[in-house]
Amino acid sequence: MNATDNPLLDFRGLPRFDVIAPDHVTPAIDTLLEQARATVERVATSTAPAGWEGVAAPIAATLDRLDRAWTAVRHMNAVVSTPALREAYNSNLPKVTAFYADLGQDERMYAKYKAIAAGPALASLDHAQRKVVENELRDFRLGGAELPPDRKARFKEVQEELASLSAKFDDNVLDATNAWAHWVADAAALAGVPDDVIAQARADAEADGKPGFKLTLRAPCYLPVMQYANDRALRALMHRAYATLASELGADPAHDNTALIERILALRAEEAELLGYANFAEVSLVPKMAASPAEVLAFMRDLARRARPFAERDYAEVTAFARVELGIADPQAWDLPYASEKLRQRRYDFSEQEVKRYFREDRVLAGLFGLVEAIYGVAIAESQAPVWHPDVRFYEIRDRDGGLVGQFYLDLYAREGKQSGAWMDDAVNRRREGERVRNPVAFLTCNFSAPAVADGRRRPALFTHREVVTLFHEFGHGLHLLLTRVDVPGVAGLEGVEWDAVELPSQIMENWCWEWDVLRSMTAHAETGEPLPRDMFDRMRAAKNFQSGLATLRQIEFALFDMLLHTEYVPGRPGIHRDARAVLSAARREVAVVPRPDYDRFMHAFGHIFAGGYAAGYYSYKWAEVLSADAYSLFEEVGVLSPVAGARFRDEVLARGGSRPALESFVAFRGREPQIDALLRHNGMTTSS
Ligand SMILES: [Zn+2]
């Protein structure tokens with residue numbers, strides 16, 4: 001099969017998502033792996049003096065092709081999964097992982113990079129290339145290149161098994177989510193739930209050829225039911241189903257992640273031991289900003305201490321409100337979102353669903369693009385490309401002089417076969433290819449409510465303000481990829497950026513969702529077309545930090561659990577904790593304010609740390625929020641729409657990618673080291689004023 005037969009081997013332009021089929025995966029990946037192995041062999045056995053052109057460049061070129069094809073497969077498996085595609089992905093994953101594991105511990109390649117670092121070639125490298133060499137030496141060490149042969153073989157087995165287990169973990173969560181539905185015969189049982197959510201539940205039932213309403217555990221259904229359904233028993237039922245997803249208490253034992261969790265942790269502990277570290281958290285932190293698990297734990301505990309009084313007040317208020325105003329004598333976990341929303345409506349006099357009527361998708365996108373254009377001096381326009389689903393749109397982003405800088409896909413709506421959550425991924429990274437530069441391409445994926453269909457016509461989708469914030473967040477990741485000016489493989493865009501600093505460009509974007517000058521132009525009421533009234537915006541802002549103490553402690557609970565899990569617990573070894581659940585209990589005892597029901601198995605669906613890249617890294621969200629809040633405070637000082645501050649952020653942070661340490665980029669932008677004050681102020685957690 002050659003490039004014209006197999007779209008995954010066609011690298012002339014954008015991925016051909018309209019024609020990629022499961023059958024293409026194995027032949028393409030086999031071909032690319034064979035080519036990559038041949039390149040590695042040629043480079044590793046070359047007798048020429050080690051230099052950039054002879055070592056880093058050819059390896060980067062061959063990995064680039066493999067990455068682009070594999071990314072396309074992985075992406076499609078995440079957003080339009082079918083049994084055949086999943087099978088193709090899962091059967092190729094071990095081969096790809098094995099290749100990278102081999103490469104990561106190839107002593108000959110390690111020696112080449114050591115020779116570059118120690119030889120005359122180093123002087124001819126620019127600073128981005130030097131950073132790449134530095135990173136390579138670190139990664140070879142972490143990849144097991146210094147291990148003796150028998151340990152190398154074991155290290156590789158560990159990595160391969162970990163990759164498969166992670167994929168299986170995600171599959172279980174997705175399958176458990178898809179398998180679960182609650183059927184409601186009568187709309188009266190859904191009293192309180194917003195009309196558009198009920199309409200979607202009706203449409204979902206109809207799609208299955210059934211009467212009544214189909215409730216699911218996907219976010220656009222689950223969250224509003226928990227927030228608005230007056231029927232307490234329904235909320236309890238949904239809460240239990242959600243909190244037991246993919247656990248031994250879930251609907252189907254085939255989707256139980258319990259054993260996977262223990263196995264993943266045991267393998268990570270073994271990996272750390274092979275590399276000579278005390279625990280997996282130490283390994284995870286080597287390429288991060290934070291210096292040690294102790295530093296991370298101290299940071300989280302300090303923040304927990306500051307947040308605690310606010311969280312206790314939040315909890316006391318909402319439970320008292322539930323008792324006195326809602327007649328719920330013993331408020332439980334499944335009452336809190338409901339009671340919180342009612343309390344918020346009472347106190348600030350608006351509902352999220354009312355606000356949602358103003359956020360029409362077309363206006364929101366125009367507002368987001370307008371903001372980015374104003375601050376960063378770019379232009380965004382819709383364009384055409386082959387896509388994987390008719391709902392996907394494609395855009396390009398140009399510089400002031402009209403030159404193309406990047407392109408992105410936007411895939412906004414929840415649907416079956418799509419992983420939950422929102423994320424940005426790189427389809428193509430920026431690279432220099434001879435005289436020209438290849439521009440980056442981003443995938444922006446969300447799981448928002450799809451447009452409602454009425455009288456055979458699609459109405460514009462409506463987003464909650466929370467969804468708008470999520471969209472801005474992911475778009476910030478996208479800008480990090482798209483506005484990079486680095487074209488050296490390994491440090492362009494998000495490549496090589498410390499994981500705990502990666503949320504800076506995304507989280508800073510969230511701040512603009514709370515600025516009147518940004519919001520007023522991006523709203524139009526679904527029926528009347530009226531913009532969001534100023535007084536409603538003022539109430540939203542007043543409510544911005546509603547329960548921020550509880551939200552902060554919840555994030556710290558996750559982060560602390562993650563860090564304790566990877567420092568204090570090794571399955572099968574005597575120690576402080578009996579199993580992963582005991583670690584979760586310990587984290588909760590230390591920081592949680594809200595009691596959780598015994599059945600709560602949230603960790604069984606905690607893909608961030610068991611299937612994503614956040615293992616011993618979940619703290620990154622809060623860590624980077626210190627950076628993003630402090631960076632935004634410069635905009636607050638000089639004007640939130642200041643193109644001067646925008647240009648500086650673009651030049652010093654977004655453009656630099658991983659070509660220098662994140663702290664250096666931050667200081668270059670802010671003029672000093674990060675401080676926590678802005679984060680506390682933005683979250684309303686200051687005692688004065
Ligand atoms: Zn993010």
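## A tour from a helix pair to the zinc site

Select helix α4 (residues 107-118) together with helix α5 (residues 127-142): their axes come within 10 Å and cross at roughly 145°. This is a predicted model. Viewed as a pair, α4 passes α5 in a left-handed crossing.

Next, show the side chains between the two helices. On α4, select M109, Y110, Y113, K114, I116 and A117, which make the contact from that helix. On α5, the contact residues are V133, E136, L137, F140 and R141. Colour this set by residue class: the contact divides into 8 nonpolar and 3 charged residues, with no polar ones.

**The zinc ion**

Now centre the view on the zinc ion. Which protein atoms are its donors? They are NE2 of H473, NE2 of H477 and OE of E503, lying 2.1 Å from the ion. Along the chain, these donors follow the spacing H-x3-H-x25-E.

Move on to helix α23 (residues 620-638) and pick D630 within it. D630 has 2% relative accessibility, so this residue counts as buried; the cut-off for buried is under 20%. To see what surrounds D630, leave aside its neighbours within four places in sequence and select its contacts: F666, R670, R672, E673, P674, Q675 and A678.

**The whole chain**

Finally, zoom out and switch to a cartoon. How many helices and strands does the chain have? There are 26 helices and 11 strands. The radius of gyration of the chain is 25 Å, close to the 26 Å that the globule rule gives for 689 residues, so the chain is as compact as a globular protein of that length. Along the principal axes, the C-alpha trace spans about 80 × 65 × 60 Å.

Colour by accessibility for the next figure: buried residues account for 57% of the 689 residues. Of the contacts between residues at least 6 apart in sequence, 72% join residues at least 24 apart.

Notes: Residues are numbered from 1 along each chain as its sequence is written. This is a predicted model: local features need pLDDT of at least 70, side-chain atom pairs count only at pLDDT 80 or more; totals for chains, interfaces and linings use all residues. Side-chain values use heavy atoms; hydrogens and water are left out. Donors are N, O and S atoms within 2.8 Å of the metal (3.2 Å for Na, K and Ca); water is not among the atoms, so sites may look incomplete. Axes are lines fitted to C-alpha atoms, for helices over the stretch in contact, and angles run from 0 to 180 degrees between N-to-C directions. Helices (H or I, at least four residues) and strands (E, at least two) are DSSP runs, numbered from the N terminus. A crossing is left-handed if the near helix is turned anticlockwise from the far one by less than a right angle, and right-handed if clockwise. Contact means heavy atoms within 4.5 Å. Ala, Val, Leu, Ile, Met, Phe, Trp, Tyr, Cys and Pro count as nonpolar, Asp, Glu, Lys and Arg as charged, and the others, Gly among them, as polar. Buried means under 20% relative accessible area, exposed over 50%, partly exposed in between (1.4 Å probe, protein chains only). The radius of gyration is taken over C-alpha atoms; the globule rule is 2.2 Å times the number of residues to the power 0.38.
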